[in-house]
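Trainee: I would like to learn how to read the features of a structure that is new to me. Could you take me through one, step by step?

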Amino acid sequence: MRNDLELAAKDYIILAQSLAGEFAQTAMERETQGVTPKQERDSLRQSNLLKLIIPQEYGGIGANWITTFKIIREFAKVDSSLAHVFSCHQIGVVIPHIFGTIEHKQYYYSETVNHNWFWCNDLNPRDKRAVITAQENHFLLNGSKSFCSGCVDSDILPLSAIDQTTGELIILVIPSRRQGVKINTDWHNMGQRQTDSGSIDFDNVIVYPQEIIGARYNQNSIFATIRCCITQLNLANIYLGLAEGAFASAKNYTQNRKKPWLTSEVECVTKDPVILHHYGNMWVDLQGAKALVDQAIELLQAAWEKEHNLTPTQRGECMIAVNTAKIAATKVGLDITNRIFQVMGPSATSQKYSFDRYWRPTVDYRLREIGKWALNDEFPQTGTY
């Protein structure tokens, strides 16, 4: 049985690599243009990969997080926006599993399979402008949310809102096209122009009781805090994929476009000792980051399998590994996306190559969390972010 599952995982990774090859053909042009990657999203719908993380008992593929993150990384190598959108679906569809009841988990897993729903991400607990108010037999949702990744062209919208009466953070799941939901196309950020991570406005949106998944801080289970481990490790895999993609692009450029430096005294650029030195350093750094990310994935998968038997220590160890992996992936990504221009030269900065799409921001505050552990043996707090 184990061999069958491993074979299936390899098959889906091969499928993802094939899709990534298709996405790569238009990635630079689409990144420049922005807007929703509708055709590519439909390809993901048709691929069956929207059922990837859903357990087999509900009609899903039943892949684990190890396979899921490998596939996300494959997409990130060629198109980080699509990797981001696809990953938001995977970490969105498990929200009822993490925060809800058994009935919530069964319903949303099964209905996602039946309708091939494309999920997105609008939890963003730091943005507290969305407010939910109780009525006689339903609730009303009003306000706005930011950083709503993948919401354009999505089917299901998971989000967080503040209970007007209690002030609690509430998790709810509604259809993306419900009356009163206005998804704005106001996102144009460099390297992420097709993630549709803009804002949403809510105007007296009806929310039914069964769509309330949970009050975030009212759950005593440690498993209910695992989502931030998943989201941060997801970003680590995207950043690592970006770094690997930048390295591959630079390698291709160097081998096929770049001429030797005038004073290098070599007949071809691939024998230039300075160029070789840079590529050697980049390769070693990539392998280190990859090892840390893969280690964190193993710990996350083990934590996920424990579900509500997860202990605070196990969760803390998982979060430390995740934070370490994310920092390493971000550092190597930033280093490589800068260093590739040293091996490619000024001509590579031309907009037609769109190499700036590999850039991502820093993670200084994650380093502080690691510092607390390294110096004081203090685990990260089990918060929402």
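The dialogue below goes through helices, cores, strands and salt bridges in turn.

Mentor: Please keep in mind from the start that this is a predicted model. We can begin with a helix and then look at what surrounds it.

Trainee: How many residues does helix H7 have, and what distance does helix H7 reach from its first C-alpha to its last?

Mentor: A helix can be read by setting its span beside the span expected for its number of residues. Helix H7, which covers residues 227-256, has 30 residues and reaches 43 Å between its first and last C-alpha, close to the 44 Å expected at 1.5 Å a residue.

Trainee: Is H7 largely enclosed or largely open?

Mentor: Of the 30 residues of H7, 25 are buried, and so the helix is largely enclosed by the rest of the structure.

Trainee: Which residues have the most contacts inside the largest nonpolar core?

Mentor: The general idea is that in soluble globular proteins nonpolar side chains tend to be buried together. Here the largest nonpolar core has 83 residues, and those with the most contacts inside it are Trp65, Phe75, Ile226, Ile230, Leu233, Leu300 and Trp304. H7 gives the most to this core, with 14 residues. Ile226, once its neighbours within four places in sequence are left aside, is in contact with Ile98, Leu300, Ala303, Trp304 and Leu310. Apart from this core lies another, of 19 residues, which include Cys148, Cys151, Leu157 and Leu172.

Trainee: In what sense do S1 and S2 pair, and over how many bridges?

Mentor: For strands, one looks at the sense of the pairing and then at which residues stand opposite each other. S1 and strand S2 (residues 139-145) pair in the antiparallel sense over four bridges, and a hairpin of four residues joins S1 to S2. Within this pairing, Val131 stands opposite Asn142 in S2. S1 also pairs with strand S3 (residues 156-163), in the parallel sense and over two bridges, and there Ile132 stands opposite Asp163 in S3.

Trainee: Where does Asp127 lie, and is Asp127 buried or exposed?

Mentor: Asp127 lies in the loop between helix H6 (102-115) and strand S1 (131-134). A residue counts as buried under 20% relative accessible area, and therefore Asp127, at 9%, is buried. Beyond its neighbours within four places in sequence, Asp127 is in contact with Ser144, Lys145 and Ser146.

Trainee: How many salt bridges does a search of the whole structure find, and which residue forms one with Glu40?

Mentor: The search finds 13 salt bridges. Glu40 forms one with Arg30, with the closest N and O atoms 3.4 Å apart. Because Glu40 lies in helix H2 (residues 38-47) and Arg30 in helix H1 (residues 2-33), the pair ties together parts that are 10 residues apart in sequence. Glu40 counts as buried at 10% relative accessibility, and Arg30 is buried as well, with a relative accessible area of 8%.

Trainee: Which helix holds both Glu74 and Lys77, and how many residues apart are they?

Mentor: Glu74 and Lys77 both lie in helix H3 (residues 65-78), three residues apart, which is about one turn of the helix. Their salt bridge has its closest N and O atoms 3.1 Å apart. Glu74 counts as buried at 16% relative accessibility, whereas Lys77 is partly exposed, with a relative accessible area of 27%. Elsewhere, salt bridges that share partners join Lys38, Arg41, Asp42, Arg45, Asp153, Asp155 and Arg177 into one network.

Technical notes. Residues numbered from 1 in each chain as written. Predicted model: local features only at pLDDT ≥ 70, side-chain atom pairs only at ≥ 80, totals over all residues. Heavy atoms only, no water. Buried < 20%, exposed > 50% of the residue type's maximum accessible area, 1.4 Å probe, protein only. Contact = heavy atoms within 4.5 Å. Salt bridge = Lys/Arg side-chain N within 4 Å of Asp/Glu carboxyl O. Core = buried A, V, L, I, M, F, W, Y, C linked by side-chain atoms within 4.5 Å. Pairing = 2+ DSSP bridges.
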